[in-house]
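I wanted to look up its pockets, its ligand and its backbone.

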Amino acid sequence: MAVSQRVIKSMENSSWIRKMFETGGILKAKYGDDNVFDFSIGNPNVEPPEDFIIKLSEYASLKKTGMHAYMPNAGYLDVREKIASWVTSTEGIEIHSDNIVMTCGAAGAMNVVLKTILNPGDNIIVSAPYFAEYEAYIGNHGGEVNRVQGGEKFNLSVENIEKAINEKTQGVIINSPNNPSGRVYSEDTIKNLASMLERKSRERGRAIYLLSDEPYKKIVYDGIKVPSVIKNYSHSIIMTSYSKDLSIPGERIGWLAVNPAAEDLHNLLGGIIMCNRILGYVNAPAIMQKVVADLQGRSVDMGFYKTKRDRLCEILGNAGYEFIKPEGTFYLFPKAPGGDDLKAVNALQEERILTVPGRGFGTPGYFRIAYCVSDRVIERSAEGFEKAFRALKNS
Ligand SMILES: Cc1ncc(COP(=O)(O)O)c(C=O)c1O
């Protein structure tokens with residue numbers, strides 16, 4: 001076989017979203033685009049804000065030597081300065097431009113960090129439900145996935161994380177607002193996690209890094225505040241992007257920030273910058289760095305997603321589904337009626353509704369709905385959600 005066993009296995013395990021996407025293609029060919037309700041992918045369906053287009057045009061037409069050249073692997077200094085001052089003003093901790101690295105999205109940031117910190121056989125703790133691709137990212141760099149069950153209502157269980165820590169644990173990944181549950185972890189939870197990790201790091205004489213994946217930080221509802229992770233834990237790295245909040249996932253632009261008090265800071269940053277290069281990213285896209293640096297604090301209108309969340313909650317509630325109202329993101333993670341997520345996803349598919357089984361996120365028994373779709377899709381799916389619920393309850 002020409003393709004590695006590892007990649008074959010990874011394709012088999014990580015393809016739920018892709019499978020749904022492919023099924024969507026088949027169904028659309030059969031029934032027409034308008035008659036398939038595709039809630040499978042977290043691809044924002046709102047266009048980027050006007051400011052983004054204006055800035056992009058300005059930078060694209062700027063005739064300046066070196067605008068399209070290689071640059072320091074960490075990214076442009078002026079861009080990192082703007083991001084550092086944004087992080088300082090919003091996170092409540094002084095961050096210097098040296099501690100910022102521009103990356104190819106949050107996914108690029110995570111791969112760079114994991115490559116930097118993992119020795120073969122080290123493990124990274126992930127708390128279910130979690131974004132499925134963490135497993136692949138950890139595997140990319142010779143790490144093992146150390147899965148733990150989350151707490152009630154998709155909260156973190158600090159106790160479960162503590163129990164899972166062993167000599168080979170290099171880090172913990174958290175993601176809040178969370179894909180797939182929409183949960184935002186409270187300040188108390190983050191503080192409890194931080195003090196447990198500080199204690200465990202001290203006890204074993206080596207830091208456990210906290211990797212906070214934050215691409216949905218601005219996508220929150222009802223005045224919810226997402227507490228700062230970087231302020232609360234010294235060995236922390238936050239990783240984010242503009243994919244979701246500026247609706248530009250195809251542009252592959254994001255950044256990471258390392259806490260200035262993190263253990264082995266000099267090597268950590270040096271390693272991250274080198275890994276950005278040798279993983280083949282080299283540096284984050286040049287024009288995009290300049291554009292996003294000028295758009296700190298901007299985002300698409302969150303009212304857009306809130307309307308969709310509220311309407312979908314109403315539809316699901318009326319049909320009888322059990323779920324927790326998302327506090328952020330554009331995902332809903334209801335309980336599978338009858339308890340079997342595969343059966344639920346198949347029953348929904350019968351109604352031409354595409355969703356993703358919870359087992360793809362380490363949490364069987366639930367399914368994910370990505371509601372970054374048009375209002376029309378939501379409205380027209382109502383009957384199908386209801387029919388599928390009845391079919392599942394009666395089966
Ligand atoms: C939780 C989470 N983290 C990271 C990513 C990767 O995002 P990007 O690399 O586009 O920033 C995604 C994308 O869907 C995500 O949902």
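Which residues lie nearest the centre of the largest pocket? I found A132, E133, Y134, A136 and Y137 there, among 49 lining residues.

**Ground rules.** I am reading a predicted model, where local features need pLDDT of at least 70, side-chain atom pairs count only at pLDDT 80 or more, and totals for chains, interfaces and linings use all residues. Residues are numbered from 1 along each chain as its sequence is written, and side-chain values use heavy atoms, with hydrogens and water left out.

Rolling a probe the size of a water molecule over the atoms shows where empty space is left. A pocket here is an open set of points on a 1 Å grid over the protein atoms alone, where a 1.4 Å probe fits, with protein on both sides within 12 Å along at least five of seven lines; lining residues have an atom within 4 Å of a point. A volume is the space filled by probe spheres set on the points, which are joined across faces, edges and corners.

I read off about 1300 Å³ of space for the largest pocket. Helix 1 (5–13), helix 2 (16–31), helix 5 (105–117), helix 6 (133–140) and strand 4 (144–149) each give two or more residues to its lining. Helix 6 gives the most, with 7 residues. Helices (H or I, at least four residues) and strands (E, at least two) are DSSP runs, numbered from the N terminus.

I then sorted the lining by class: 19 nonpolar, 18 polar and 12 charged residues. Ala, Val, Leu, Ile, Met, Phe, Trp, Tyr, Cys and Pro count as nonpolar, Asp, Glu, Lys and Arg as charged, and the others, Gly among them, as polar.

Why does the largest pocket lie between domain 1 and domain 2? Domain 1 (5–48 + 300–393) and domain 2 (68–293) both give residues to its lining, so it lies between them. The domain bounds come from an automatic or database assignment.

**Second largest pocket.** I read about 480 Å³ of space here. Of its 26 lining residues, W86, T90, E91, K217 and K218 are the closest to the centre. Helix 4 (77–91) gives the most to this lining, with 4 residues.

**Ligand.** Next I checked polar contacts (a pair of N or O atoms within 3.5 Å). A ligand oxygen is 2.7 Å from an N or O atom in the S243 side chain. For the side chain of N179 the distance is 2.8 Å, and for that of K244 it is 2.8 Å. The protein buries 91% of the 400 Å² that the ligand exposes when taken alone. Areas come from the Shrake-Rupley method with a 1.4 Å probe.

**Backbone.** I noted that most residues other than glycine have a negative phi, and most peptide bonds are trans. The bond from N179 to P180 is cis, with omega about 25°. P180 sits in the loop between strand 5 (169–175) and helix 8 (187–204). D264 is not a glycine, yet has a positive phi of about 60°.

Methods
A polar contact is a pair of N or O atoms within 3.5 Å; within protein, one must be able to donate a hydrogen and the other to accept it, and residues adjacent in sequence count only if both atoms are side-chain atoms.
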